[in-house]
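Dear colleague,

Please find below the structure I promised to hand over. My findings follow it.

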Amino acid sequence: MNGSVRNRAGEDGGAASTPTVWARRRAGQVALIAGHTWKEGLRRRIIVVGFLLTAAFVALYGIGVYYAFRDIASMMGDPQAGGTSVGALSIDQNMIRDLAAYQTLSFGLFIAGFLSAMLVVFLASGMISGDAENGTLQTIVTRPVARVQILLGRYLGYATIYLAYLVLLSGSLLLLTRVFSGYAPPSPIQAVLLLAMEGLIILALVSLGSAVLSPVATGVLVLMAYGLAFIGGVVQQIGMFLSNNTAERIGAAVHYLIPSDAFFRMALSGLAPPNSILPEFAGGPFGSPSAATIGQVLFGAAYLVACLGAAAYLFERRDI
Amino acid sequence: MRTTTDPAIACSEVRKRYRTTVALDGVSLEVEHGSVFGFLGPNGAGKSTLVKILTGLVRRSQGQVKVLGGRPGTREVQRHVGYLPELFRFPSWLTGRELLEFHGRLADAAVDTTALLDLVGIGAAGDRRIGEYSKGMQQRLGLAQALVGDPELVFLDEPTSALDPLGRLDVRDVLLHLRQRGMTVFLNSHLLTEVERVCDRVAVIDRGVIVAQGATEDLLRKPAVQIRVGDIGSEPAARLAHDLGATYADGVLTIPTTDFDVVPDLVRAVVAANAPVYEVGIMRQSLEEAFVDLVGHRPAEPPSIPPGAPRNEVDA
């Protein structure tokens, strides 16, 4: 075809008279495919099963947090039970409580991020190759719909399922921690938004992978990338702790290569107690926060768009 | 969309190379508007590859292709084209009716789902999930899906491979109905009787090359009168054969003709030549025989297409 696949949109002739009609029709088809993706998730009970098991996880987390903070409170002496405390000491007590609550949260959100990423990978790893191999894509691609619309519709469908899941899950964890520990993280909404970016980037990587690779290969690739990014974060953290520039740079480089983990750590910075006297590593392996920067966020967004663009390009040229 | 000068499908010198194989090696053909075109060939000959190029699923390596006057795969062409793939799967979690509605919305076309489901004979199962359909019902639904949006041109790739003989008859009726409505049908098949009965024109492809193309009548039916005269000796036989314009083999004279009114005259001529007549028969060459003539002498497994190549394994 040698370049002749271009210029699809230009050929609509009289069918789309104005740019508004044109845009609305295109957006309508993207939304149609996104809705189709939701229907699949619901009818195949993927969403129900995922939510039920997640509810069990949230319940367990709640029980753990409840007992942990009841015991911490009793160890530190219940102020209402008459145990008076000097001003300075009570600040320290709060600090310990906050740190414990933060560590619990960071662990909880790590699991939340991990579960959501798994959900995304398992749901979406067949979105192009898999559907092409099993024969569901052929009759859709031959409709008057551009392949990029199919890709965007699929992405949008999975992304909204993921976001609904993530918001419910991380919201529950934040709420339970708040209720049982009393700790109020400084910017929980920003944290959830940054955490959401992690999964959206993972999903963009899945889209790119599935444009060329089989579903299993895509799943393996993206989970490996996710793990690599996490290890990169740990290496960076070690480098910062030991003031080792090489380790820190390697870790930072991995975060540019696969920016998912960087968003997890930026999310944590919105949950960590402010003015903490504790060093960065205090959060443990799951919990080293790094301050969110506009540059990082923009880089992540550009990375996501680049992945989708590459996926669209490869999908367009692909034999199905 | 339709231009009076352009045929429904025109392709010339189309080549498709995969990494190590050549699936199509210079295919040229034309399909007129309103005709039912049969595309025949053994498994792995390149039938599905050509259909995928014509529907925009696969990019050709070389050559010119025009479908309904435009480039295949473009939105404006797709709007008027229907397609039933050879190997397909519909979402098991949709009902048949929902599938047709979904495709109607993709095509931005109003769809009378009940009429379509009835047309392909699964009207009663329209509100059941596709996961509960038999293979044959799924194929019927696939045919209905291909007709969503009332296309001008419809590609059917082995539309009866999963159907029993009655199902095939049903599909043939549907095809004849579509032809009556003026729809152009491109039918990929290796089921020769099916093609023979519904197609106006036929092309036969073998190993990526068109080996024959023309009106079904011309290609398939080489009718003849056969007269069994027994062993009458080689010299009288040769003389008789020469006089009648016949060939003689194994005690049988074969006279190619399309005009069967001459049969009594032929018999009289044989009797007049003092040859005995044991049996007289009219023979129409079936498509199967024509097909075997065209591609049968080749090795069963074309060496140019290795085991990894896409190949139709579904057989009747």
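Chain B is divided into domain 1 (9-80 + 151-219) and domain 2 (223-283), with bounds from an automatic or database domain assignment. Between the C-alpha centres of these two domains of chain B the distance is 40 Å.

This is a predicted model, in which local features need pLDDT of at least 70 and side-chain atom pairs count only at pLDDT 80 or more, while totals for chains, interfaces and linings use all residues. Residues are numbered from 1 along each chain as its sequence is written, and chains are lettered from A and ligands numbered from 1 in the order in which they are written.

Most residues other than glycine have a negative phi. B:Glu158 is in the loop between strand 6 (153-157) and helix 6 (165-180) of chain B; helices (H or I, at least four residues) and strands (E, at least two) are DSSP runs, numbered from the N terminus. B:Asp250 is in the loop between strand 11 (247-249) and strand 12 (252-256) of chain B.

B:Glu158 is buried because it has 24 C-beta neighbours inside 10 Å, whereas B:Asp250 is exposed, with 7 other C-beta atoms within 10 Å. Buried requires 20 or more other C-beta atoms within 10 Å, exposed 12 or fewer, and partly exposed lies in between, with C-beta atoms placed from the backbone.

Kind regards
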